[in-house]
Every structure is written in structure tokens, then in C-alpha cells.
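Welcome! Take a moment to turn the model around on your screen before reading on, and then follow the chain with us, one part at a time.

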Amino acid sequence: MQYQCPKCQSRKILPVANGNTPAARPVVPKSLVFLIPLLFILLLLVVISIVMWIFSNGAGQTLQIATVVVFIATVIAGVLFWRDLPDFKISMQSFMQANKNWKCRDCNHEWQI
Ligand SMILES: [Zn+2]
């Protein structure tokens, strides 16, 4: 099993649906579904806080509370994802092995395993 394009050796490959059976998806843990948006929100809040510290008299109390709440939620989601990670890895591996049809995003080459 190779995780790269046989033609251009790119690693940007996509699973392709096989005929009438759609491409199987790996089971994505719920913690990851929460973790990614939380990370974005946290980053946004931190950036807003920094901007407010620079251009005004510091971040407002609401913003500070929101940042702390989102930070705690992110840490919890991070810990949960850490616990889900072994299962997620197994799920990803079996998905990669089960999928037979692949397409390269760089050269559009399609191939079967
Ligand atoms: Zn390619």
C-alpha cells in the first residue's frame, strides 16, 4: 500500500468512490469535530484580545471570560481527542487499506490498488 501518487509521487491523494459503492469514510471522533472549530475560535479570540491590548485599554471583561471558557473547552476537547487517537489511527489505517480507488490532486492521475 502506497500513500502517494505512482505517477508524480505526490502525497496529495484523494479516495475515489468505487462504482456504486461510495468511498468509505474513516470514523472521525466527535472530540476532533469539536477540537478543530474550538481551536479556530480560540485563535480568533486571542488575536482580538491582542489587538485590543495594543490599540485600546485592554480586552474587555466579556472577551477575557470568553477566551478563558473557550480555552478550557479546547483543552477538554484536546484531552478527549488524545484518548480517541489510538482508535482514530486504527480507523484511518483500515480505511486507507480498504479503499481501492485513488486519485492524485496534483496530476489527476487515477489508479487502483
Ligand atoms: Zn500525481
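UniProt positions are given here in the numbering used for this model, feature names are shortened, and annotations may be inferred rather than shown by experiment. Keep that in mind as we begin with what the record says. Keep in mind, too, that the model you are looking at is predicted.

In an unreviewed entry, UniProt lists residues 32–55 and residues 61–82 under "transmembrane region". What share of each span is helix in the model? For residues 32–55 the span is 100% helix and 0% strand, and its end C-alpha atoms lie 34 Å apart. For residues 61–82 the span is again 100% helix and 0% strand, and here the end C-alpha atoms are 31 Å apart.

Now look at the helices themselves. Helix α1 covers residues 30–55 and helix α2 covers residues 61–98. The two pack at an angle of about 150 degrees, with their axes 8 Å apart. Angles over 145 degrees count as roughly antiparallel, and α1 and α2 are therefore roughly antiparallel to each other. Their crossing is left-handed. What kinds of residues make up the contact of α1 with α2? By class, there are 19 nonpolar, 5 polar and 1 charged residues.

Start with Lys30, which has its place in helix α1. Is Lys30 buried or exposed? Lys30 has 12 other C-beta atoms within 10 Å, and a residue with 12 or fewer counts as exposed, so Lys30 is exposed. Lys30 and Asp84 are 54 residues apart in sequence, yet from C-alpha to C-alpha they are 8.9 Å apart in space.

Further along helix α1 you will find Pro37. Pro37 has 11 C-beta neighbours inside 10 Å, so this residue counts as exposed.

With 13 C-beta neighbours inside 10 Å, Leu85 counts as partly exposed. Leu85 and Ser31 are 54 residues apart in sequence, and their C-alpha atoms are 9.7 Å apart in space.

Strands of a sheet pair through backbone hydrogen bonds, either parallel or antiparallel. In this model, 3 strands form an open sheet in the order β1-β2-β3, and the pairing is antiparallel. Which strands stand at the edges? They are β1 (13–15) and β3 (110–112); each has a single partner strand, so one side of each is left without a neighbour in the sheet. From one strand to the next, the twist averages 30 degrees.

Strand β2, residues 101–104, pairs with β3 in the antiparallel sense over 3 bridges. On the other pairing, β1 and β2 are also joined in the antiparallel sense over 3 bridges. Trp102 has Trp111 in β3 as its bridge partner, while the bridge partner of Ile13 is Cys104 in β2. Both Trp102 and Cys104 belong to the covered face of β2, whereas Asn101 and Lys103 make up the uncovered one.

To finish, visit two residues with a backbone angle worth a look. The hairpin of β2 and β3 has 5 residues between the strands, and Asn108 in this hairpin takes a positive phi near 65 degrees. Asn108 has this positive value although it is not a glycine. Its place is in the loop between β2 and β3, and with 10 C-beta neighbours inside 10 Å, Asn108 counts as exposed.

Where is Gln9 placed? Gln9 sits in the segment before β1. Phi of Gln9 is near 65 degrees, a positive value in a residue other than glycine. Gln9 has 11 C-beta neighbours inside 10 Å, so Gln9 counts as exposed.

Key
Residues are numbered from 1 along each chain as its sequence is written. This is a predicted model: local features need pLDDT of at least 70, side-chain atom pairs count only at pLDDT 80 or more; totals for chains, interfaces and linings use all residues. Axes are lines fitted to C-alpha atoms, for helices over the stretch in contact, and angles run from 0 to 180 degrees between N-to-C directions. Helices (H or I, at least four residues) and strands (E, at least two) are DSSP runs, numbered from the N terminus. Angles under 35 degrees count as roughly parallel, over 145 as roughly antiparallel, 65 to 115 as roughly perpendicular and the rest as oblique. A crossing is left-handed if the near helix is turned anticlockwise from the far one by less than a right angle, and right-handed if clockwise. Ala, Val, Leu, Ile, Met, Phe, Trp, Tyr, Cys and Pro count as nonpolar, Asp, Glu, Lys and Arg as charged, and the others, Gly among them, as polar. Two strands pair if DSSP finds at least two bridges between them. A residue is buried if 20 or more other C-beta atoms lie within 10 Å of its own, exposed if 12 or fewer, and partly exposed in between; C-beta atoms are placed from the backbone.
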